[in-house]
Protein chains: 2
Amino acid sequence: MQQPKERQGIDGEEQVVPMRVTSSIDHDEAYFESYARISVHEQLLKDKARTDAYLHAIIRHEEFIRDKVVLDVGCGTGILAILCAQAGAKRVYAVEATHDIAHAVNFFKIIVLIAYFVVLLIRQTSKVVEDNNLSNIITVLQGRIEDVEIKEQVDVIISEWMGYMLLHKNMLESVITARDRWLKPGGLMLPSKATLYMAPVTNTKRYEESINYWNSVYGINMSAFKPLAKQSAFLGPCVETITFENVLARPQVVKCVNCDSVTIPELRSVTESFKFNSTVKAPLHGFAFWFDVEFGPSPMPLSIRYPTSSVDDHPPVDSQTRRDPTLLLSTAPNVLPTHWQQTLIYFFDPKDLKQDQLIEGRVTLSQNQASSRLLDVKIAYDTGGQSHVKYSFLR
Amino acid sequence: MQQPKERQGIDGEEQVVPMRVTSSIDHDEAYFESYARISVHEQLLKDKARTDAYLHAIIRHEEFIRDKVVLDVGCGTGILAILCAQAGAKRVYAVEATHDIAHAVNFFKIIVLIAYFVVLLIRQTSKVVEDNNLSNIITVLQGRIEDVEIKEQVDVIISEWMGYMLLHKNMLESVITARDRWLKPGGLMLPSKATLYMAPVTNTKRYEESINYWNSVYGINMSAFKPLAKQSAFLGPCVETITFENVLARPQVVKCVNCDSVTIPELRSVTESFKFNSTVKAPLHGFAFWFDVEFGPSPMPLSIRYPTSSVDDHPPVDSQTRRDPTLLLSTAPNVLPTHWQQTLIYFFDPKDLKQDQLIEGRVTLSQNQASSRLLDVKIAYDTGGQSHVKYSFLR
């Protein structure tokens, strides 16, 4: 295989990577891997529910942001920093951390090239800032939030830090660190609040397709593969989209994070009890998790800024809490799908539920000992007179 | 993270893996990785065009298979071996090789658990054979084709060995080895022939979505990311589905493999010249590759076995060669999609083509030096008075 430089030279392309890599597979792997990361940012930007929610939050808080100092934690392509600058911020610090690397090293041993990509990304992010004539407002900084230096306090911290099951990847820790280092008293956290929910689910179609499929494959009894298929399909959490038709009981809150006050230690392990009453007779296949985040208290009555037709585009106001729907990003079933979808933890075998049957237990989400960015999940539950424990692991 | 044994014990599940693994990330990775492989087999079996083609081939050659000895190279779940046994074979040897491992080791260093999975798979494949009362006919063997011992010559070798761009993964080499070791003179190879095609393609939608997207992201000029996006999207080959509307000229043959006579050395590097005339004025975005395989000469006139209505379900007979459509598995655009889809090698930038413009050059597919299972692709081509070379790499 040719070195990237030669490859690009011959094809007459922009010379993005002037470095030379050897032809070993590990390096080729790393080379592809590092480029793949821009496509992650593309996916995030194209997640309309996500990016629109941040855009709307910035617009709704424009009065607060104007002439203020903003910090964007984990800026990526810089979109939130730029939107804040466009909303009138007088200065924006956009920090892209490298803490993905420790994680990547464990798996792929490609620290050098990934680090190189972060430098590439941040260099291009600076170029984007320049191209949009915002260099006088936005300062792009590369480094871990613990390591970078910002020589003033900030009025607003904005960050898109949420992972699967809210806490996966543990990026909230960097946001907390930033808050404790630089946020002025009374400063604004965007988002300001995050809530993780869980609910018992039934999903016969999924079980039929992945497990019972093996009962008869072209008329052949292949049920001997079912134990392997169960491990393959249901050992780890599944990121997939369900609907409320799969949900067997009213969802419950697992963790409510107040971004103004949450501390790093309380994220190390989160335990919550649950008690569900199945609304129907159905097989229980597992539990679903999803989250929503809120972007601060409504700074002004909705009607002032939004005509009714615009508000109608958003999910209805939550009847319980009367939360402002334009300041809410929800990853629940049946709302505009996001790249987070829902996270499902399935059992290897379904448990039959009667109507009104109780399912009670405790769920624990713990940072993995080997890497705080990974999440161990333990669900201990009783139903129908039997006790079960399901362990899972979000890589 | 808990050991699998404990996890399964507590959840009251089948105890599939009695081994203990440490809690290191590498092992957790490997643990998930090894189970994921059954889902690959599920995907293959559910590829209806693929599995139906083999089923039809076996039915059409039933007269030849009856009371004969069959060898299934890379048997996986054992489906082809079982179908041959059901078609009347007197003995079937089903061999599952472990040559994936050398490849996996390079990337993930998880040889032990992958090897363990192969043993698990093969044990379950034997169980499937037993459950279908075919133990007296089918012998399941675990090992590389070079290492296993079969104490007789065989009449039929059946194998689903095709990779992306036909030659990726180089499994054909094992089939050739098996043929040279055990196939009787006049024996039947299934498939008997394989042909790799290429054609120039246009795909403006793809380029717009992946590259020009960055021109304006929420109104922000992010074109500074375009060089990274081009690398990310178009450095490696893309496995995706196109239609003949994307195809700019009549496809040409890159390699025709006669399975009765092909040799291992001729697969190390395949070079072919091409000359296309664009049928329309359009931007040239790259080249598409696909293949088809044929399952032996038609053993009897179609009308004897198939009513017309059944034949109508299949792609039309190729007008050039009058090939029997029921003995053809095609991965071309516009036929029933397969998991192979088509393989696209895109340029970083499109080249404008006039109608009837000539595109000529040479394509070379070479086994990667680090692993013969990976494929280096070089396309050197001239068009519109300019010379270009595109290197790519199928991992």
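Figure 1. The structure shown here, as in every figure below, is a predicted model. The relative accessibility of Gln153(B) is 36%, and the residue therefore counts as partly exposed. Leaving aside residues up to four places away in sequence, Gln153(B) touches Val69(B), Arg181(B), Trp182(B), Leu183(B) and Lys184(B). A further reference point is Leu284(B), which is 131 residues from Gln153(B) along the chain. The C-alpha atoms of Gln153(B) and Leu284(B) are separated by 50 Å.

**Figure 2. Strand E1 of chain B and its pairing with strand E2.** Strand E1 of chain B covers residues 69-73. One of its residues, Val69(B), is also among the residues touched by Gln153(B) in the previous view. Five of the five residues of E1(B) are buried, so the strand is largely enclosed by the rest of the structure. Val69(B), Leu71(B) and Val73(B) point one way from the strand. Val70(B) and Asp72(B) point the other way, and the residues of both groups are all buried. E1(B) pairs with strand E2 (residues 91-96) of chain B in the parallel sense, and five bridges join the two strands.

**Figure 3. Helix H5 of chain B and its burial.** Helix H5 of chain B comprises residues 79-86. Seven of the eight residues of H5(B) are buried, which means that the helix is largely enclosed by the rest of the structure. The buried residues are Ile79(B), Leu80(B), Ala81(B), Ile82(B), Leu83(B), Cys84(B) and Ala85(B). Gly88(B) follows H5(B) and has a positive phi, near 110 degrees.

**Figure 4. The crossing of helices H3 and H5 of chain B.** Helix H3 of chain B spans residues 48-60, and its axis comes within 10 Å of the axis of H5(B). The two axes cross at roughly 25 degrees. Because this angle is under 35 degrees, H3(B) counts as roughly parallel to H5(B). The crossing of the two helices is right-handed. On the side of H3(B), the residues that meet the partner helix are Thr51(B), Tyr54(B), Leu55(B) and Ile58(B). On the side of H5(B), they are Ile79(B), Leu80(B), Leu83(B) and Cys84(B). The residues of this contact comprise seven nonpolar, one polar and no charged.

**Figure 5. An open sheet of four strands in chain A.** The strands of this sheet follow the order E9-E13-E14-E15, and their pairing is antiparallel. Strand E9 (269-277) and strand E15 (386-394) are the edge strands, each of which pairs on one side only. Neighbouring strands of the sheet are turned against each other by 15 degrees on average, with direction ignored. Strand E14 of chain A, residues 375-383, runs antiparallel to E15(A), and nine bridges join the two. The bridge partner of Ile379(A) in E15(A) is Lys390(A).

**Figure 6. Chain A as the setting of the sheet.** Chain A contains 13 helices and 15 strands. Of its 395 residues, 59% are buried. Among the contacts in chain A between residues at least 6 apart in sequence, 75% join residues at least 24 apart.

Technical notes: Residues are numbered from 1 along each chain as its sequence is written. Chains are lettered from A and ligands numbered from 1 in the order in which they are written. This is a predicted model: local features need pLDDT of at least 70, side-chain atom pairs count only at pLDDT 80 or more; totals for chains, interfaces and linings use all residues. Side-chain values use heavy atoms; hydrogens and water are left out. Two strands pair if DSSP finds at least two bridges between them. Axes are lines fitted to C-alpha atoms, for helices over the stretch in contact, and angles run from 0 to 180 degrees between N-to-C directions. Angles under 35 degrees count as roughly parallel, over 145 as roughly antiparallel, 65 to 115 as roughly perpendicular and the rest as oblique. A crossing is left-handed if the near helix is turned anticlockwise from the far one by less than a right angle, and right-handed if clockwise. Contact means heavy atoms within 4.5 Å. Ala, Val, Leu, Ile, Met, Phe, Trp, Tyr, Cys and Pro count as nonpolar, Asp, Glu, Lys and Arg as charged, and the others, Gly among them, as polar. Buried means under 20% relative accessible area, exposed over 50%, partly exposed in between (1.4 Å probe, protein chains only).
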